Amino acid sequence: MRSIAEAFPNRLCGVLRTENAEAGFQACLVAMEAGVHSIEITTTVPSCFELIKGLIATTFGRYPVGVGTVWDPGAVKEAKAAGASFVVTPVLLPEVAEACRKEDILCVLGALTPTEIYQARLAGAALVKVFPIAPVGGPRYIEALNGPLGGVPFWVSGGVPIEDIGAYLRLGVKVVGLTASLFGPEALARRDMDRIQQNAEHAARAAADAIGD
């Protein structure tokens, strides 16, 4: 099993959601090379496991790739077979955490409330994905959680703008997930890889500045 630091070397993760797997594949390669070194491919992407295999093969395994929006523990075995470094759920699913333990793959369980976050850790989550973070207050919500739940390794995603990366990392968040702010639907539709490259470079600079603080 990869450690959190190994799976997310610069504490960023691009989250790909698209119906166009070909455009998504190119966008992921661009984002990786531009500074977002970890990528989550959601199961809503057509042929997601083939896409994961392709990204790993094309980059010679330089960048960690995982699978997200996992509901079924059976998908964990497929993720492992595809070479995924981590598995992410949208909600609290202890059965997926158990499957990850058996397959020896890093588990990220989704949660939102303090009770769910606590239960996710009890279930065996290496990281707890606070999702969706933007509608519940963004960095202010993490700041509030850090009082009673200080030390919980958080991942945040769900409406995270690039401008908030620094605030999250300075609050101790382990991983910041970027979906539309990195892989904008319009940019994907137009195959505007220059825009995706700019987004990734902007995000990487924000993370580096915060980590260096």
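**Figure 1. Contacts of Gly-83 in the predicted model.** Beyond its neighbours within four places in sequence, Gly-83 is in contact with Ile-56 and Val-65. The model shown here and in the other views is predicted. Gly-83 sits in the loop between α4 (74–82) and β4 (86–88). Its relative accessible area is 37%, so Gly-83 is classed as partly exposed. Gly-83 and Gly-14 are separated by 69 residues in sequence. Their C-alpha atoms lie 17 Å apart in space.

Figure 2. Strand β3 covers residues 65–68. Val-65 and Val-67 point one way from the strand. Gly-66 and Gly-68 point the other way. All four of these β3 residues, Val-65, Gly-66, Val-67 and Gly-68, are buried. Val-65 is also one of the residues that Gly-83 touches. Strand β2 (residues 39–42) pairs with β3 in the parallel sense. Four bridges make up the pairing of β2 and β3. At one of them, Thr-42 has Gly-68 of β3 as its bridge partner.

**Figure 3. Packing of helix α2 against helix α10.** Helix α2 spans residues 21–34 and helix α10 spans residues 193–212. The two pack at an angle of about 35 degrees. Their axes are 8 Å apart. The α2 and α10 crossing is right-handed. On the α2 side, the contact is made by Ala-23, Gln-26, Ala-27, Val-30, Ala-31 and Ala-34. On the α10 side, Met-193, Ile-196, Gln-197, Ala-200, Glu-201 and Ala-204 take part. By class, the residues of this α2 and α10 contact are nine nonpolar, two polar and one charged.

**Figure 4. Packing of helix α2 against helix α3.** Helix α3 covers residues 48–58. α2 and α3 pack at an angle of about 35 degrees, with axes 11 Å apart. The crossing of α2 and α3 is right-handed. α2 supplies Ala-21, Phe-25, Cys-28, Leu-29 and Met-32 to the contact. α3 supplies Leu-51, Gly-54, Leu-55 and Thr-58. Seven residues in the contact of α2 with α3 are nonpolar and two are polar. No charged residue takes part in the contact of α2 with α3.

**Figure 5. Leu-29 in helix α2.** Leu-29 belongs to helix α2. Is Leu-29 buried or exposed? Leu-29 is buried, because its relative accessible area is 17%, and the cut-off for buried is under 20%. Setting aside neighbours within four places in sequence, Leu-29 is in contact with Leu-55, Thr-58 and Thr-59. Leu-29 and Met-193 are 164 residues apart along the chain. Their C-alpha atoms are separated by 9.8 Å. Met-193 itself is among the α10 residues that contact α2.

Figure 6. A search of the whole structure finds zero disulfides. Cys-100 is in no disulfide. The nearest cysteine sulfur to that of Cys-100 belongs to Cys-107, 4.0 Å away. Cys-100 is buried, with a relative accessible area of 1%. Cys-107 is buried as well, at 3% relative accessibility.

**Figure 7. The cis peptide bond at Pro-132.** Phe-131 and Pro-132 are joined by a cis peptide bond. Omega for this bond is about -5 degrees. Most peptide bonds are trans. Pro-132 lies in the loop between β6 (127–130) and α7 (139–149).

Figure 8. Most residues other than glycine have a negative phi. Arg-11 has a positive phi, near 65 degrees. Arg-11 is placed in the loop between α1 (4–7) and β1 (12–16). With a relative accessible area of 23%, Arg-11 is partly exposed. Phi of Ser-47 is also positive, near 55 degrees. Ser-47 is found in the loop between β2 and α3. Ser-47 is exposed, because its relative accessible area is 54%, and the cut-off for exposed is over 50%.

Technical notes:
Residues numbered from 1 in each chain as written. Predicted model: local features only at pLDDT ≥ 70, side-chain atom pairs only at ≥ 80, totals over all residues. Heavy atoms only, no water. Axes fitted to C-alpha atoms, helices over the stretch in contact; angles between N-to-C directions. Left-handed = near helix turned anticlockwise from the far one by under 90°. Contact = heavy atoms within 4.5 Å. Nonpolar A, V, L, I, M, F, W, Y, C, P; charged D, E, K, R; others polar. Buried < 20%, exposed > 50% of the residue type's maximum accessible area, 1.4 Å probe, protein only. Disulfide = S-S within 2.5 Å. Pairing = 2+ DSSP bridges.
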